[in-house]
Amino acid sequence: MLNHARHADVVVVGAGLAGLSAAHHVVAAGLTVIVLEGSDRIGGRMATDTVDGFRLDPGNHLLNTSFPELHRTPGLAGLRMRQLSPGVLVRGGGRNYRVFGDQRRARDSLSLLIGGSRTPFSATLERARLGATLARLAGTSTARLLARPETTTAEALAARGFSPRMVDGFLRPLLAALLSDPALTTSSRCADLVLRGFARGRLCVPEGGSASVPELLAKALPPGSLHLGRNVTSVSTNEVAVDGHPAVRCRAVVVATGARRAAGLLPGLHVPEFHPVTTLHHAVAEAPLREPALVLAADRRGPVAYSVVASEVDPGCALDGRALVSSTVLGPLPGGRVADAERLDREVRGHLADLYGTDTDGWELMALRHERDAVPAMRAPHHVRRPVRLLSGLYVCGDHRDISTAQGALYSGRRAAHHLLRDLGVRFRPEDTQRNLAAA
Ligand SMILES: Cc1cc2nc3c(=O)[nH]c(=O)nc-3n(C[C@H](O)[C@H](O)[C@H](O)COP(=O)(O)OP(=O)(O)OC[C@H]3O[C@@H](n4cnc5c(N)ncnc54)[C@H](O)[C@@H]3O)c2cc1C
């Protein structure tokens with residue numbers, strides 16, 4: 001029993017994906033948990049806002065049907081995903097190309113995109129090389145991928161024989177969308193992991209917005225476990241101090257606050273650099289593309305890295321017959337913040353006019369979100385499975401301990417919980433999960 005939120009077996013600090021995942025694994029093993037969230041809502045970087053009836057995510061959160069934790073995390077059984085079209089649409093050289101999708105709907109193909117003045121034969125050869133690389137990755141285990149020599153993504157692609165045209169025309173824009181890193185400084189192992197996901201599964205978004213993932217997890221926790229507006233100021237192995245509230249006592253603590261805040265609570269913890277991400281949401285009278293496709297900007301003629309007609313993927317996010325277009329700008333903004341939103345909006349709409357081949361003058365900006373610490377950078381060399389056990393009784397999880405994705409955050413929560421259960425001597429069998437959750 002929870003003693004008026006003053007005592008539980010385990011306290012989890014932070015109700016983002018990692019913290020909620022850890023809490024579920026702890027409850028599934030039969031222990032009590034209190035989750036303390038500093039803000040007034042759950043979800044952390046996957047919280048969704050509503051503006052004038054439009055549902056707006058903090059970013060174009062692209063998940064993948066092949067993310068294992070979406071299928072394995074207790075509490076996510078009811079998660080519904082909306083899939084994007086197979087493959088991607090690439091805008092380059094003034095044309096649109098469909099890559100790895102339904103070629104009947106394509107105006108031009110990858111061979112044209114990378115062909116340029118070269119012979120059709122060399123373009124075809126390179127396309128075959130790309131197909132073979134993805135097929136090989138799709139069949140390679142995580143352990144083998146992580147055992148490969150590590151370099152930057154840019155160097156690894158060149159070493160595999162991909163031409164600058166293939167890199168700039170397709171691989172860089174694709175990896176920019178999947179890793180938020182257009183410079184391709186990310187560890188080649190991490191790039192291989194996300195390319196493997198692209199080859200194995202389908203890009204997708206959670207139905208109802210990115211917040212539906214943490215909301216489902218929160219709903220499935222025992223009543224009374226989750227407390228909002230509890231800003232934790234210090235932690236030890238058996239007690240957590242909370243700003244303006246009584247301390248909470250426990251047998252173990254999991255810090256799941258995101259890297260920067262975690263280092264404030266746990267001095268000495270590694271804090272990575274971050275890729276900043278800016279997202280612009282536009283309401284438009286008519287969808288500029290009647291398809292749930294990921295549109296990649298290979299032409300670099302403007303600030304947009306990629307864009308999606310979000311209402312084609314999940315019609316529930318828009319209102320009153322209008323469509324919602326969500327577009328992503330990667331990298332820092334001048335001065336580190338949105339100093340001139342109007343100007344950025346103008347530049348983005350100019351670029352979108354070219355990407356979608358339509359007039360964007362009448363597009364209404366619903367929101368412009370800039371997240372400086374959006375995605376932890378995974379520069380080579382990158383430790384993909386950073387330790388989550390600091391001491392017996394003190395654990396840390398979050399995307400900064402794993403790969404910087406929703407999958408990484410969920411998996412880090414699982415790893416932290418498993419170390420904790422072992423330290424507490426709790427015998428945990430995965431088959432007990434459903435029984436313990438039902439009994440909680
Ligand atoms: C714009 C953007 C785009 C993204 N795109 C993608 C994508 O396409 N695909 C993908 O897989 N991932 C994407 N991500 C990354 C993904 O959102 C994160 O990997 C994941 O949400 C991280 O979850 P987390 O639990 O580790 O951390 P967080 O979500 O940061 O959760 C930490 C929680 O701890 C709380 N907290 C902090 N300090 C305290 C304290 N002292 N006391 C109590 N609570 C505290 C915070 O309020 C927060 O709720 C994107 C992120 C952003 C911002």
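Predicted model: local features only at pLDDT ≥ 70, side-chain atom pairs only at ≥ 80, totals over all residues.
**Entry 1: domains.** I began with the division of the chain. It gives domain 1 (10-47 + 211-271 + 382-439), domain 2 (49-83 + 274-376) and domain 3 (88-201). I then looked up the contact between domain 1 and domain 2. Domain 1 puts 26 residues into it, and domain 2 puts in 22 residues. The C-alpha centres of these two domains are 29 Å apart. Together domain 1 and domain 2 bury about 2,000 Å², and carbon and sulfur atoms carry 64% of that area.

**Entry 2: where the ligand sits.** I checked which domains supply the shell. Domain 1 and domain 2 both give residues to it, so the ligand lies between them.

**Entry 3: the shell.** I found 36 residues around the ligand. Those that come nearest are Glu 37, His 61, Leu 62, Asp 399 and Ala 406. I sorted the shell by class and got 16 nonpolar, 14 polar and six charged residues. Next I looked for the elements behind it. Helix H1 (17-28), strand E19 (364-376) and helix H13 (406-423) supply at least two residues each. E19 gives the most, with three residues.

Entry 4: I listed polar backbone atoms against oxygen atoms of the ligand. For Leu 62, a backbone N or O atom is 2.7 Å from a ligand oxygen. For Ala 18, the distance from a polar backbone atom to a ligand oxygen is 2.9 Å. For Asn 60, a backbone N or O atom lies 3.3 Å from a ligand oxygen. Last, I looked up burial. The ligand taken alone exposes 1,000 Å², and the protein buries 94% of that.

Definitions and conventions: Residues numbered from 1 in each chain as written. Heavy atoms only, no water. Near = heavy atom within 4 Å. Polar contact = N/O pair within 3.5 Å; in protein donor to acceptor, adjacent residues only side chain to side chain. Areas by Shrake-Rupley, 256 points an atom, 1.4 Å probe, with all protein chains shown as cover. Helix = DSSP H or I, 4+ residues; strand = E, 2+ residues; numbered from the N terminus. Nonpolar A, V, L, I, M, F, W, Y, C, P; charged D, E, K, R; others polar. Domains from an automatic or database assignment. Contact = heavy atoms within 4.5 Å. Buried area = accessible area lost by both parts, 1.4 Å probe.
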